[in-house]
Amino acid sequence: MQALARLSRFVGNTFAIWVLLFAIIAFFAPAQFTWLGKYIVPLLGVIMFGMGLTLSKEDFREVVRRPRDVAIGVAGQFIIMPGLAFILTQVLDLPPEVAVGVILVGCCPGGTASNVMTFLARGDVALSVAITSVTTLLAPIVTPALIYFLASQWIEVSASAMFWSIVQVVVLPIALGVAAQYLLGKRVQHGVAVLPLISVVAIVAIVAAVVAGNQARIASSGLMIFAVVVLHNGLGLLIGYGLAKAFGMSVAKRKAISIEVGMQNSGLGVALATAHFSPLAAVPSAIFSVWHNISGPLAATVFRRFKDEPRQDATPRA
């Protein structure tokens, strides 16, 4: 079990490499991965179940202890990224299916990888986890509503159908994970040790399935979508940091808010696009999944150099 845990830590620490490697392999050998397409929703459910196993009462107490900080992060998540997505689709005049895909990933809640990136950035991890938890639990209502409001000009959107999809692939697996943790107690910790390995395998499989299933479309419009995704993600990180700074937050909190805003649950975007829209609409989420696992570590590396500013009311030491 210890060897498996070590392997899990290694795979988790090299997450971005595996995602990028298998995305490239799936692009050049799509026939080997297209069969994974029918397993996208169950794979996302596995990831969300793992998230439920790691949640604790302390994570939810953080919401009560610091409601202002959490509210700023949640509002930033559900305003900045959807707003940026809509603006980019208008300014760049994206094709309808691509525009829907960009808006879809922008309306998703924060991704669980953001908590790891916040830790690596020496940010406020407790705040990051609290924001991720709240945005994920709000997603069944907020995400369909935002998509309906922003994307219905291009395509018919059934907010009720998307609500039930998110409940099934996000809320129920998380609830089962929390229940398993409560019932099994400390015994569940053995399983938690290998969660990074399971999550990486699941996300790699989801990305490979979408890339393989859309190889021709990616070949023709992949560079354009990649550029939009990079711009979307980068602006999210910058504006998220600026939002936290505008509210007078500490540097550690700014890092957490920035990473929470910039990193999305792109796996959910893939699942929703596959179930409710078109295969091409899933491509921005798949590319986002690859890119934010590259930009996240890069941002964390830069943020590690940021030091907390001294408080103006602090008394100088002799």
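The legends below describe an overview and several close-up views of a predicted model.

Figure 1. Along the principal axes, the C-alpha atoms fill a box of roughly 65 × 50 × 35 Å. A compact globule of 318 residues would have a radius of gyration near 20 Å, and the 19 Å of the protein agrees with this. Of the 318 residues, 53% count as buried. Among contacts with a separation of 6 or more, 85% join residues 24 or more positions apart. The protein exposes about 14900 Å², and 69% of that area comes from carbon and sulfur atoms.

**Figure 2. Helix α2 covers residues 15–28.** Its 14 residues reach 21 Å from the first C-alpha to the last, close to the 20 Å expected at 1.5 Å a residue. The buried residues of α2 are Phe15, Ala16, Val19, Ala23, Ala26 and Phe27. Seen down the axis of α2, these buried residues fall within an arc of 105 degrees, so they line one face of the helix. An α-helix has 3.6 residues a turn, so residues three or four places apart point the same way. Ile17 and Phe28 are exposed on the other side of α2.

**Figure 3. Helix α9 bends by about 40 degrees at Val167.** The helix runs over residues 159–184, and at 1.5 Å a residue its 26 residues should span 38 Å. The C-alpha atoms at its ends are 36 Å apart, which agrees with that expectation. Val167, the site of the bend, is itself one of the buried residues of α9. Others in the buried set include Met162, Ser165, Pro173, Gly177 and Gln181.

**Figure 4. Ser285 is found in helix α15, which covers residues 283–303.** Is Ser285 buried or exposed? Its relative accessibility is 0%, under the 20% limit, so Ser285 counts as buried. Apart from neighbours within four places in sequence, Ser285 is in contact with Gly101, Val105, Ser266, Gly269 and Val270.

**Figure 5. Phe306 lies in the segment after α15.** Because its relative accessibility is 31%, Phe306 counts as partly exposed. Which residues does Phe306 contact, leaving aside its neighbours within four places in sequence? They are Tyr241, Val251 and Lys255. Phe306 and Val251 are 55 residues apart in sequence, while their C-alpha atoms are 7.2 Å apart in space.

**Figure 6. Asp93 has a positive phi of about 50 degrees although it is not a glycine.** Where is Asp93 found? Asp93 is part of the loop between α5 (67–91) and α6. With a relative accessibility of 63%, Asp93 counts as exposed.

**Figure 7. Arg122 is not a glycine, yet has a positive phi of about 60 degrees.** The loop that holds Arg122 lies between α7 (113–120) and α8. Arg122 has a relative accessible area of 47%, so this residue is partly exposed.

Technical notes
Residues are numbered from 1 along each chain as its sequence is written. This is a predicted model: local features need pLDDT of at least 70, side-chain atom pairs count only at pLDDT 80 or more; totals for chains, interfaces and linings use all residues. Side-chain values use heavy atoms; hydrogens and water are left out. Helices (H or I, at least four residues) and strands (E, at least two) are DSSP runs, numbered from the N terminus. The expected span of a helix is 1.5 Å times one less than its number of residues. The bend at a residue is the angle between axes fitted to the seven residues ending there and the seven starting there. Buried means under 20% relative accessible area, exposed over 50%, partly exposed in between (1.4 Å probe, protein chains only). The radius of gyration is taken over C-alpha atoms; the globule rule is 2.2 Å times the number of residues to the power 0.38. Contact means heavy atoms within 4.5 Å. Accessible areas come from the Shrake-Rupley method with a 1.4 Å probe; for residues, only the protein chains shown count as cover. The arc is that of the directions from the helix axis to the C-beta atoms.
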